[in-house]
Amino acid sequence: MSAFAALVRKDVTLYLTNRRALLMALVAPVLIGAFMGAVLGGAPTKPTAVPFAVVDLDQSAISKRVVAAMSKDNAFAVQQLPQAQALELVRKGKLRAAAIIPQGFGKQATEALFRPALAKPQIDLHYDPSQAATLTLIKGLLTQYVMQAVTAAAFGGDTYDINQARDLVANDSKLNANLRDALLSMFKSIEEVQRKRGSAVDSAQPASTGVSVPYVTRDFEVTSGERPYNAYAHSFASMTVQFILLMGVELGVGLLLMRRMGLWQRLRAAPLSRATVLGSRIAAGTIIALLLIGGIFAAAILLFGVRIEGSALGFIGVAVAFAALTSSLGLLIAAVGKTPEATRGMAIVLTLLLVMLGGAWVPTFVFPDWLQSATRFVPSRWAIDGFDAMTWRAQALGSVLWPMAAMLGLSVVLSAVAVYLFRWEE
Amino acid sequence: MLNARGLCKSFGKLPAVHDVSVSVSAGEIVGLLGPNGAGKSTTAAMLCGITSADAGVITVDTVPLGERTHDAKRLIGLVPQDLALIEDLSALDNIMLFGSLYGIKGALLRSRAREALDLVGLGDRARSRPATFSGGMKRRLNIACALVHDPKVLVLDEPTVGIDPQSRNHIFENLETLRSRGKALLYTTHYMEEVERLCDRIIIIDHGRVVADESKEALRARLPPGAKRRYEISGDVTPEVLVELQARGIQSKRIDDASLEQVFLHMTGRELRDAV
């Protein structure tokens with residue numbers, strides 16, 4: 001066995017026989033990946049209804065229609081509560097938000113429909129700031145149901161007397177004459193609609209419900225087209241990247257620790273080149289990382305139904321490129337680090353930052369625009385996106401060639417810098 | 001076998017070694033003595049090619065270390081002061097690993113590793129991990145790892161730190177065996193009794209400079225006139241002999257005829273006490 005192979009074998013054997021290191025690098029990502037996968041959706045299920053309260057101070061036909069429509073929507077788990085109780089539940093995090101429909105809302109909303117200049121009634125939305133992402137959903141659906149209820153009232157004639165609106169417009173001296181004429185003409189048309197609707201009801205035809213959304217949507221998960229999205233695939237990719245990077249840190253710190261021991265002197269006394277000693281460390285790190293990636297994804301496949309639905313070759317390529325990158329990063333850490341203790345702390349902070357920017361903990365779309373742009377240059381994102389592409393996104397090999405090349409290129413650069421900076425002599 | 005001339009080394013502006021020359025012949029044990037910080041370890045590191053010398057020339061069996069570094073390194077075995085062992089590999093695997101670093105392979109590597117283990121008395125513990133060894137066993141394994149590639153020169157940096165008399169005695173016997181096989185040994189220590197027992201020649205180094213390089217006898221002769229000298233007289237010492245010595249101005253004093261270590265070995269035996 002050559003010296004290079006002997007050194008690689010030594011490092012790999014030592015790592016794999018170190019139960020603590022294995023526990024940290026293999027079991028931990030599987031457990032956390034499983035947890036995050038379950039939290040982020042796991043295997044496909046029905047979406048969770050948003051817990052939401054409505055406080056109806058108006059009690060008009062319109063406000064009751066709004067509440068009834070929202071209660072039927074699967075997106076909400078609506079409760080009608082007194083205002084104080086609703087706010088208390090939001091404060092405790094039991095509800096995402098509470099909407100307060102004020103007194104007179106129905107009448108004011110219908111009038112404001114035709115008279116934009118009038119003051120609009122105001123619905124107060126009290127929301128949990130830690131769950132602000134749901135506020136947009138709530139606002140969107142509230143708008144839909146309020147518009148339906150108000151226009152149904154205005155055009156249906158069952159809850160609102162169009163004559164009142166016509167009188168308001170006719171007696172408004174400040175209104176532009178042309179606009180007044182147009183509005184009065186519209187009211188005439190509405191009366192006609194209401195009259196015809198009345199005869200339709202008489203003849204057992206379906207009643208109009210006012211303005212409604214003029215389209216419906218059908219939702220499709222865009223994955224491989226064969227299997228539904230499995231959230232475990234992304235969470236395992238993320239946790240794999242995180243823990244392999246941490247393994248790289250330990251690899252570097254291990255080299256710093258070795259310098260303190262007689263072992264380093266003996267290596268230096270042996271007829272070994274710098275390339276052999278440091279290169280074997282990179283090779284060993286790459287092999288260890290590959291074994292760990294294999295182990296973690298084997299667990300993901302066997303226990304959580306994750307599948308490599310894209311190119312298997314691409315998956316292996318991403319794994320090899322990321323393993324080499326991690327290994328060379330570990331060597332760089334050893335090259336620039338002074339003491340193992342200080343270096344470990346700094347390197348872990350850097351690693352966690354890389355992992356976060358890579359989108360392992362939260363999706364990158366929640367970042368500000370500038371940060372989203374910056375993450376395109378973060379290697380952990382290349383790796384996570386690469387694993388995603390080869391698993392649930394079912395992409396072909398070509399889609400990961402650039403990330404693979406980038407990771408391998410960066411690995412070469414980091415290795416070269418590390419070898420250059422490495423303090424060979426004490 | 002090992003020749004170094006005019007070695008100099010500074011760390012920044014701090015001179016560590018200045019114009020140090022060291023030579024060790026085949027079949028010779030040379031002690032490198034000096035107080036802490038005198039430059040012993042730096043000199044040893046330069047001789048092994050771990051640290052580059054700022055000036056000076058080192059040759060190992062006529063191979064220049066500076067020009068043919070790897071060839072020269074193959075002729076040297078280093079026993080570092082800190083244990084250079086991998087605790088989670090077996091004793092045999094440790095030795096084979098270090099043999100591999102010197103390019104030894106296959107059956108030769110295995111037989112050399114076994115020989116080295118037998119020499120240091122660990123032949124029956126080949127499959128045990130050093131993590132289960134006593135301090136003395138680890139020290140002996142540390143030496144075996146430096147022998148596996150059959151070097152012509154062995155540099156030992158305080159190889160007996162923290163071990164029991166049995167292990168120390170065994171190590172001394174190993175080193176004497178190696179000397180008898182024609183190896184050149186450079187022994188770094190600050191234990192005078194070790195030097196007295198083992199070394200044929202002594203180099204004393206202080207403040208980075210060689211202050212003496214002589215045999216034990218020549219060093220003793222350096223003591224100034226009037227300084228106390230100790231003589232050993234073999235054979236029967238009768239009262240008449242003592243009276244005669246006193247008449248010539250030589251004071252006699254009864255001293256123990258054996259060191260405490262000799263007494264200890266007599267009472268506890270010379271066999272190694274390796275933990276099972």
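This is a predicted model: local features need pLDDT of at least 70, side-chain atom pairs count only at pLDDT 80 or more; totals for chains, interfaces and linings use all residues.
Me: Which elements of chain B give two or more residues to the side that touches chain A?

Reply: The size of an interface is often given as the accessible area lost when the parts come together. Here one can read the contact by residues instead: 24 come from chain B and 18 from chain A. On the side of chain B that touches chain A, the elements giving two or more residues are α2 (69–73), β6 (76–79) and α3 (91–101) of chain B, and α3(B) gives the most, with four residues. That side divides into 12 nonpolar, seven polar and five charged residues.

Me: Which residues have the most contacts inside the largest nonpolar core?

Reply: In soluble globular proteins, nonpolar side chains tend to be buried together. The largest nonpolar core in this model has 150 residues, and I95(B), A144(B) and V155(B) have the most contacts inside it. Helix α9 (residues 231–259) of chain A gives the most to this core, with 17 residues. Leaving aside residues up to four places away in sequence, V155(B) touches A44(B), L47(B), C48(B), I76(B), L78(B), V79(B) and L186(B).

Me: Which residues of β4 (residues 55–60) of chain B form its covered face, and which its uncovered one?

Reply: In a regular strand the side chains alternate between the two faces of the sheet. In β4(B), the covered face consists of G56(B), I58(B) and V60(B), while A55(B), V57(B) and T59(B) make up the uncovered one.

Me: How many bridges join β4(B) to β1 (residues 2–11) of chain B, and how many to β5 (residues 63–64) of chain B?

Reply: Strand β1(B) runs antiparallel to β4(B) and is joined to it by five bridges, with V57(B) as the bridge partner of R5(B). The pairing of β4(B) with β5(B) is also antiparallel, over two bridges, and T59(B) stands opposite P64(B). Their hairpin has two residues between the strands, and D61(B) takes a positive phi near 50 degrees there.

Terms used:
Residues are numbered from 1 along each chain as its sequence is written. Chains are lettered from A and ligands numbered from 1 in the order in which they are written. Two residues are in contact if their C-beta atoms, placed from the backbone, lie within 7 Å. Ala, Val, Leu, Ile, Met, Phe, Trp, Tyr, Cys and Pro count as nonpolar, Asp, Glu, Lys and Arg as charged, and the others, Gly among them, as polar. A nonpolar core is a set of buried Ala, Val, Leu, Ile, Met, Phe, Trp, Tyr and Cys residues joined through C-beta atoms within 7 Å. A residue is buried if 20 or more other C-beta atoms lie within 10 Å of its own, exposed if 12 or fewer, and partly exposed in between; C-beta atoms are placed from the backbone. Two strands pair if DSSP finds at least two bridges between them.
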